Amino acid sequence: MTHSRTAFYLSIILLFIFSSCSFKPVTEPNSRGTHDFDLQWKFRLGDFPGASTVDYKDEDWRVLNLPHDWSIEGEYDSLNPSGPAGGFLPTGIGWYRKHFDWKPEWKNKRVTIEFDGVYCNSTVWINGTELGHRPNGYISFSYELTPHLKRGKNMIAVKVDHSTAPSGRWYTGSGIYRHVRITTTEKVYIPNGGLFIRTPNVDEKSARVEVDLQVINETTKIDKASISYTITSKEGQQLAEKVTTTALDAGKNHTTVMLDLLDPLLWSPQNPNLYDLSVKITSKGRTWDEYQSTFGVRTLSFSVENGFLLNGVKTILKGVCNHHDGGPVGAAVPVDVLHRRLKILKDMGCNAIRTSHNPFAPEFYAMCDSMGFMVMNEAFDGWEKEKATYDYGLHFEEWWEKDLEAFIKRDRNHPSVIIWSIGNEVKGYTNATQRKLVDFIKDLDNTRPISQGRGYSGPAIDLAGFNGHGEYKGRLKQFHEKNPTKPVVGTEITHGLQTRGVYRTKTQYRRRDYPAPWERGKPFSGIADKVFLDDDLTEKEVFENIDPLYHSSYDNSIVRMSIRDYWRETKDLPYFIGAFRWTGFDYLGESFDWPARTMNFGVIDLAGFPTDSYYLYQSTWSDKPMVHMLPHWTHPGKEGVEIPVVVYTNCSSAELFLDGRSLGEKPMTDKLRIVWMVPYARGELKVVAKTGERIMATQTYRTAGDPHAIEVNLDKDLVSANHKDVVHAEITIVDKNGEMVPGAGNLLNFEVEGPGRLIGVENGDILDLSPHKVNYRKAFHGKCLAIIQATGDAGEIRLKVTSGGLKEKEIRIKVKPAEAT
């Protein structure tokens, strides 16, 4: 992706997140306006009775910008009530207050405050008047401020009560961890979720665009209103228009129109083409409302005969499950951090993401639209019965309808969303509740199928969702034979663990060698004939004395099946539409026990550094020629020991060289890896991948010496002074020849000067319990990550990285003035 194209995507996304959830604003004086409300909040951790009142003294409170997650600012502690589920990070109660001035342009307008997500149990006040309470920490919500505003100074207060934990089975974060905005409209307006765009009929020549519109009129009846609908390309070219005339009664009004879009460019992961639909409401020369919604044109078909057809083309979901945290930034994930994560997945060949197990931030879906990811959009983890002691199950029966309606209406215009999911491994679920949820969604959106993680036995869902049980031998086939008309999706297939830079040559199985808490005491013999067994690479373990909480990167730390077995077993099943691996990225929480803050399920670690398994997926999922070999070639003390050198490639063959001498060329087969047994000797190891006689890709490792210097690689060196832009600094420990030192664990110190601040440090080591909001971190297997965010001032950021005994590195980042909004 070019720098200019990346900047284009991010400009769209930034505009998106500062608008109401599904809409981009048109900021005319007489219609709709959207105002960023993220900056200059006051915060204090603890419970403070009276903090909702206007005259409460908050002069000594901390001033910060949103999004904000106070849990990630704390220290890991085995006594924190979040426990293994929450990664041993703190929770508690926090208060936020923001003082702001009434604006003259708000006169006679309807003013609302919109929260993209607050975790959890939030209560909001305006000038001392309570606006409402929301238990769900993942859903977007809004409150009208109009009757409570006054000219001059105003004050918003938010109490966030995360005092009871664990409230989830993974790291949730705490606080106003997503964006907030103020939206103004006239008294005739389209509410959030009030626009639904569908494309029921599509062919090569045209697409029928069906628009369902809700308009709320808080004035008297308007006898004759004009509503114009205009479709434009992303380049601004007008492609279709329709104008209707209608009466608008006081209260809610609904209308449906059809537009024909000629020669439509279809949306797909390869070509994520998008359009804008503008809707404008006028009467007697007055503009009441005007806004835009992005949409895409595509067709979906799911069947047992043909699997999944996207735009009539057979498509396999090459997906991952992800939780919502961003590693060292916790749940408060800047746009640039999220974009980097999605770019890494895109480069792997991933085309789909499951939002495990809750709604994500609105900007996530905008990025998936523009970057080309298909989304299984998941509403809940559980239903009536709690899965964690204090989770949403306590509130489900009271809140599920309101939350589910807000969720579906918020996200149903996104072409990236192709499947709704209503739950995951739901504890004690009933067919009656499953049917109730499915029917409720279909009343709001009947254009997408509905699934449920491990909900395959329920009759109401359209796609049978299999988690780990689908990894057992023959299980998918058995289900298909009993349910021959229901397509199957791997909602969590496959599971496996790997730690970047760690290798074992003897295969391990979770239940036998490192059982999860729920597996302890259960014999491996109970599942030995059901799991896919994998041969050891050597008779005797080559790499000994490794901490048992770290896992091998040879694709041989297995729960039920390896990555290679997953692809071989499922890729040709006509009724199986694809799968979502557990997981794409390592995530905080769901640790098996102290002192691990997570388990290495991700093929990308907490710092965003790919493991070797990432490249195994790339070799099966991506068409771009690639080759990757493992392990590295720095193994002091192993001289003469035969080391399995494994190569992944999507080319037809590979040839291995040691110090220029060929060790043989071998074909790639359905084993999905090529293995050489190579006696270790210092030197240069090189692999050359070929298709026929043509060289397509190469990779070289050289034996590294002692740590000598620090190298820093930035993902960008120019940012805007907008309090939001982020730079990722990837730090590598190298020897005197510039080779990465794979075993380096040097303690690094970071100094940031100028208009930037360090917002997170991470190395991917699940046993490193250092805080994230500090200026130090050790390297893990030669690498570390520092994340720097721009402030509001232009100038130059200077990042200096030092470590005792190593050559230091200083690097500079330009900060340009922010563009006026």
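Asparagine 121 sits in the loop between strand 6 (110–115) and strand 7 (122–126); helices (H or I, at least four residues) and strands (E, at least two) are DSSP runs, numbered from the N terminus. The model is predicted: local features need pLDDT of at least 70, side-chain atom pairs count only at pLDDT 80 or more, and totals for chains, interfaces and linings use all residues. Residues are numbered from 1 along each chain as its sequence is written, and side-chain values use heavy atoms, with hydrogens and water left out.

**Backbone geometry**

- Asparagine 121 is not a glycine, yet its phi is positive, about 50°.
- Asparagine 121 counts as buried at 16% relative accessibility; buried means under 20% relative accessible area, exposed over 50%, and partly exposed in between (1.4 Å probe, protein chains only).
- Phenylalanine 88 also has a positive phi, about 65°, without being a glycine.
- The loop between strand 4 (62–64) and strand 5 (92–101) holds phenylalanine 88.
- Phenylalanine 88 is buried, with a relative accessible area of 3%.
- Isoleucine 493 and threonine 494 are joined by a cis peptide bond, with omega near 10°.
- Threonine 494 belongs to the loop between strand 29 (488–490) and strand 30 (508–509).
- The peptide bond between leucine 630 and proline 631 is cis, with omega about 0°.
- Proline 631 is in the loop between strand 33 (627–630) and strand 34 (642–649).

**Cavities**

- The search covers the whole structure and finds nine cavities of 30 Å³ or more.
- On a 1 Å grid over the protein atoms alone, a cavity is a set of points where a 1.4 Å probe fits but cannot get out; lining residues have an atom within 4 Å of a point.
- Grid points are joined across faces, edges and corners, and a volume is the space filled by probe spheres set on the points.
- The largest cavity has a volume of about 280 Å³. Its lining has 23 residues, and Tyr119, Tyr138, Ser167, Asp391 and Tyr392 are the closest to its centre.
- The lining of the largest cavity splits into 10 nonpolar, 10 polar and three charged residues. Ala, Val, Leu, Ile, Met, Phe, Trp, Tyr, Cys and Pro count as nonpolar, Asp, Glu, Lys and Arg as charged, and the others, Gly among them, as polar.
- The second largest cavity has a volume of about 240 Å³.
- The second largest cavity has 20 lining residues; His324, Val333, Leu338, Phe360 and Phe364 lie nearest its centre.
- The lining of the second largest cavity has 12 nonpolar, four polar and four charged residues.
- Helix 2 (335–348) and helix 3 (362–371) each supply at least two residues of the second largest cavity's lining. The largest share, four residues, comes from helix 2.

**Salt bridges**

- Side chains of opposite charge can pair when their charged atoms come close.
- The count is 55 salt bridges, each a side-chain nitrogen of Lys or Arg within 4 Å of a carboxyl oxygen of Asp or Glu.
- Aspartate 403 pairs with arginine 134, with the closest N and O atoms 2.9 Å apart. This pair links distant parts of the chain: aspartate 403 is in helix 4 (residues 396–411) and arginine 134 in strand 8 (residues 129–134), 269 residues apart.
- Aspartate 403 is buried at 1% relative accessibility, and arginine 134 is buried at 7%.
- Arginine 410 bridges to aspartate 411, with the closest N and O atoms 2.8 Å apart. Arginine 410 is buried at 5% relative accessible area, and aspartate 411 is buried at 1%.
- Arginine 435 bridges to aspartate 439, with the closest N and O atoms 3.3 Å apart. Both lie in helix 5 (residues 431–444), four residues apart, about one turn of the helix.
- Arginine 435 is partly exposed at 38% relative accessibility; aspartate 439 is partly exposed at 34%.
- A network of salt bridges links Arg169, Asp381, Lys387 and Glu590.

**A buried aspartate without a bridge**

- Aspartate 735 lies in the loop between strand 42 (726–734) and strand 43 (747–753).
- Aspartate 735 is buried but has no salt bridge; arginine 682, the nearest side chain of opposite charge, is 6.5 Å away. Lys and Arg count as positive and Asp and Glu as negative; His and the chain ends are not counted.
- A polar atom of the aspartate 735 side chain lies 2.9 Å from the backbone nitrogen of glycine 705.

Terms used: 1 Å grid on protein atoms, 1.4 Å probe; cavity = no way out; pocket = protein on both sides within 12 Å on 5 of 7 lines; lining within 4 Å. Polar contact = N/O pair within 3.5 Å; in protein donor to acceptor, adjacent residues only side chain to side chain.
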